[in-house]
Amino acid sequence: MFASLADPKPDVILALMAAFRADTRSEKLDLGVGVYKDEAGKTPVMRSIKAAEKRLHDSQTTKAYVGPIGDAAFNEAMVRQVFGEGFATERVGCAQSVGGSGALRVIAELLREASPNASIHVSDPSWPNHVPLLGAAGLTLHRYPYFDNSTGNVDIEGMLNALSQLPSGDIVVLHGCCHNPTGADLTTEQWSRVADVMESRGLFPFVDLAYQGFGEGLEEDAAATRMLASRLPAMAVAASCSKNFGLYRERVGAAMLVAPDAAQAKRALGKLSAVIRANYSMPPDHGANSTRIVLDDETLYADWRVELEAMRLRMVALRQSFADHMRKRSNSDRFDAVATQKGMFSRLLLDTAQIDALREDHGIYIVGDGRINVAGLPDDTDRMAALCDAIAVVTRD
Ligand code: LMR
């Protein structure tokens, strides 16, 4: 049965995680997989989530199924968080999903069914798993230019030029904030230009919103998604609670379909429910229920906002510290963009040999495309200096 299977292609991020775990050096440093880490290098359970979990434990009276689209109260709270107060929520059909990835996958399957001839376009570069995940849903996948290596900013003209040549009805995956892997986000003005092209070409935005609250703030990070929803007749959003609620392994997210009117939103959600039923049947409850408790409770919600903002500000400070150290050590502005890029990742301009040397000679783990997890940078000045020294050594001409 299995002998004819081709050798599996390892996922670069998961392979790096395994290599890091296997490394016995005590001074090793993990800048690989995108999980938040605190000053002690730990990925903590958030205080507000712990409190919600206790409440859930004490009050839950059943483990009966939640149904394919999950808990209505969770879905309502997530729609509020993504689209803000005052949005015409009857335009949105929302289903609780198995993380942001689960949302991406079931939405992609629905879109393929709704529009079998549409192609899907992802940024170049993008999160490595976008390609297998969306491709496995049966959509034909293409890439559009996104990152300007020489400036560390978005290649906005290249991007707009590519989008303006797409056929009407094609699907464009956009990172709502905190672009993974580059940290290079569109400015408000650039988002507006993207919306102009999407509108005039009749393209369908599919927003991956995995880091809301990690870039410029909870509301600010949703601004582009909200603007697109207000300007375009239809779109989709895959929202993740993995990072901003620290719920990685619990697999919490939401699949949202925005339609021109309530009747189409209801039809789309009904179909999404059938896609979910035919896939994993129903989502798990624990993480989404804990999230819902936080979002619906004034005190826990306020505390969660404090925790989230502290994580965001710590990453902003680490970015600045890294850029300052690198400027001194490299005697160049080559790493300056890290200070202004957003969210959990930046892409360093390193080649494969340099990335391999960092790992092998210094125990520093960076994804093969040069992506670093900013939250993994050391707060300690000596350790930051040692990291930057190592990068300066491997990049010395
Ligand atoms: C990442 O980009 O590192 C995270 O989203 C984790 C993953 O599943 O790849």
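Reply: The model is a predicted one, and the values below are computed from it. The ligand sits in the largest pocket, where the residues that surround the ligand are Ile13, Val33, Gly34, Trp127, Asn180, Tyr211, Lys243 and Arg371. Sorted by class, this shell consists of 4 nonpolar, 2 polar and 2 charged residues.

Gly34 takes part through its backbone, a polar atom of which is 2.7 Å from an oxygen atom of the ligand, whereas Trp127 places a polar side-chain atom 3.0 Å from a ligand oxygen. For Lys243, an N or O atom in the side chain is 3.1 Å from an oxygen atom of the ligand. As for accessible area, the ligand taken alone exposes 270 Å², and the protein buries 77% of that.

The site can also be placed within the domain arrangement. The domain assignment gives domain 1 as 12-44 + 313-395 and domain 2 as 65-296, and the shell around the ligand draws at least three residues from each of these two domains. The centres of domain 1 and domain 2, taken over C-alpha atoms, are separated by 28 Å, while 18 residues of domain 1 are in contact with 21 residues of domain 2. Taken together, the ligand is held in view here as a molecule in the largest pocket, with a shell to which both domain 1 and domain 2 contribute.

Note on methods: Residues numbered from 1 in each chain as written. Predicted model: local features only at pLDDT ≥ 70, side-chain atom pairs only at ≥ 80, totals over all residues. Heavy atoms only, no water. Near = heavy atom within 4 Å. Polar contact = N/O pair within 3.5 Å; in protein donor to acceptor, adjacent residues only side chain to side chain. Areas by Shrake-Rupley, 256 points an atom, 1.4 Å probe, with all protein chains shown as cover. 1 Å grid on protein atoms, 1.4 Å probe; cavity = no way out; pocket = protein on both sides within 12 Å on 5 of 7 lines; lining within 4 Å. Sits in = over half its atoms within 2 Å of the grid points. Nonpolar A, V, L, I, M, F, W, Y, C, P; charged D, E, K, R; others polar. Domains from an automatic or database assignment. Contact = heavy atoms within 4.5 Å.
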